[in-house]
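The structure is shown below.

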Amino acid sequence: MKFNDSLKDMKIYEAGKPIELVVREFGIAPEDVVKLASNENPKGCSPLVAKEIANNAHKAYLYPDDSFYELKDRLSSRFDVKDENIIIGAGSDQVLEFISRALLSSSDSVLMSRVTFAMYEIYAKQQGAKIIRTASYEHRVDEFIEAYQEHKPKIIYLCTPNNPTGDGTTKEDVFRIIDAVDSDTLVVIDGAYMEYAKAKDRAYEIKPTDILDRENVIYLGTFSKAYGLGGMRVGYGIANKELIKELYKMRPPFNITTLSLVSAIKACEDEEFVNESIVLHSQEIKRYEEFAKEIGFEYIDSYTNFITYLFPDNMNSTEISDALFKEGVIIRNLASYGMNAIRVTIGTAKQNDRFFEMFRKVVA
Ligand SMILES: *Cc1c(COP(=O)(O)O)cnc(C)c1O
């Protein structure tokens, strides 16, 4: 059987390793496994949300309200936009997929930074599009504009703050790129970690209302990170209504589940939980910065809920990740991104203690 040519050199997305795998492979008790690999919220989800899911469990037989009326209503109040500006996806991942399918064919290219969210490439390649990357891992305005002028890509992905490096791009720089691009190119602002960035420095905050008057810009957000609902798969895209109308043509009916919908609506009522999560995070990330200084390697200043450690040549990220894994500490090795680095999700104080302890043991 002959599959699409574009699949030939395509890699499968490498998800963070699950706790179950460590339990199975090394016989470590599940409670001793520390998973700091997928940028989940270490506080879990809001207790109000957990209760709401339990209370609605009997509705599992019902399809959800396919208009997502209530959830859009909450989001439109939070972001000061209209229902018609919002599309809901099974994670913002699904919105990325809609965007790709709505815009790309094999004669198109897409532009992104050298090290960024792996799904941009995968969705683009599914459409046969060509991938262009800038030279730096961070989003450099001059590199983006130069590559844009040379290749005229159909889509530019701006992941800010960026995963898996954690660095942010200021609103000013994002708009310098947007302003340099004409309306045939869609600019995607992936704000999966925006809640963390805006808490750290307002200059890095991009609001959906900032881009609503642009015909060729879309903002993406998710409930998977700060809201602690990675397992429920709910994300959204916000843009002008014409763009949203086109993306809607890609959407299958009932694309999030009845219980996902219930959980996201409830999560919008508990902003306190998100604030507490961010407070915990900002305390704990300082310990990671101190730790790097103490051991003697570099880290990237983080605007997200994870930190990227950059190793010198005498430390190997693959060896360190494998050794940590055997101790039941799951983190993300960035070797496959061409970096001698690891990405560690900031956990609870206890999880972080365990990480520091095992890291010392492994490098000793
Ligand atoms: C986690 C993440 C997403 C989306 O996650 P979903 O769970 O699909 O909403 C999108 N972009 C980046 C950069 C992410 O890290």
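Helices (H or I, at least four residues) and strands (E, at least two) are DSSP runs, numbered from the N terminus. The model discussed here is predicted. In that numbering, Phe68 lies in the loop between H2 and H3.

**Backbone features**

Phe68 has a phi near 50°, a positive value in a residue other than glycine. At 0% relative accessibility, Phe68 counts as buried, because the cut-off for that class is under 20%. Arg233 also has a positive phi, near 60°; this residue is found in the loop between strand E7 (217-222) and E8. Arg233 is partly exposed, with a relative accessible area of 33%.

Pro161 is found in the loop between strand E5 (155-159) and helix H7 (171-179), and Pro164 lies in the loop between E5 and H7.

| Cis peptide bond | Omega |
|---|---|
| Thr160 to Pro161 | about -5° |
| Asn163 to Pro164 | near 15° |

**The sheets**

An open sheet of 7 strands has the order E2-E8-E7-E6-E5-E3-E4, with mixed pairing. Its edge strands are E2 (86-89) and E4 (130-133), each of which pairs on one side only. From one strand to the next, the twist averages 20°. Strands E3 and E4 run parallel and are joined by 4 bridges; Val110 has Ile131 in E4 as its bridge partner. Helix H3 packs on this sheet, where it touches E2 and strand E8 (235-238), and the direction of H3 makes about 125° with that of E2.

A further open sheet has 4 strands in the order E9-E10-E13-E12, and its pairing is antiparallel. Strands E9 (298-300) and E12 (332-333) stand at the edges with a single partner strand each, so one side of each is left without a neighbour in the sheet. E12 pairs with strand E13 (residues 341-345) in the antiparallel sense over 2 bridges, and Asn333 stands opposite Ile342 in E13. Helix H12 lies across E9, strand E10 (306-310) and E13, running at about 5° to E10.

In soluble globular proteins, nonpolar side chains tend to be buried together. The largest nonpolar core has 53 residues, of which Leu71, Ile88, Ile189, Phe223 and Tyr236 touch the most other members. Helix H11 (residues 258-268) gives the most to this core, with 6 residues. Both domain 1 (5-45 + 272-363) and domain 2 (47-269) give residues to the core, so it lies between them. Apart from this core lies another, of 26 residues, among them Leu96, Ala124, Leu186 and Ala239.

Beyond its neighbours within four places in sequence, Phe223 is in contact with residues including Leu71, Tyr236, Ala264, Ala267 and Cys268. Helix H11 is largely enclosed by the rest of the structure, because 11 of its 11 residues are buried. The buried residues of H11 include Ser260, Ser263 and Lys266. Their cover includes helix H2 (47-55), helix H3 (69-79) and helix H12 (271-295).

Where is Ser113 placed? Ser113 is in the loop between strand E3 (109-112) and helix H5 (118-126). With a relative accessible area of 0%, Ser113 is buried. Its side chain reaches the backbone oxygen of Tyr137 at 3.1 Å. Leaving aside neighbours within four places in sequence, the contacts of Ser113 include Arg133, Thr134, Glu138, His139, Phe144 and Asn162.

How values were computed:
Residues numbered from 1 in each chain as written. Predicted model: local features only at pLDDT ≥ 70, side-chain atom pairs only at ≥ 80, totals over all residues. Heavy atoms only, no water. Buried < 20%, exposed > 50% of the residue type's maximum accessible area, 1.4 Å probe, protein only. Polar contact = N/O pair within 3.5 Å; in protein donor to acceptor, adjacent residues only side chain to side chain. Contact = heavy atoms within 4.5 Å. Core = buried A, V, L, I, M, F, W, Y, C linked by side-chain atoms within 4.5 Å. Domains from an automatic or database assignment. Pairing = 2+ DSSP bridges. Axes fitted to C-alpha atoms, helices over the stretch in contact; angles between N-to-C directions.
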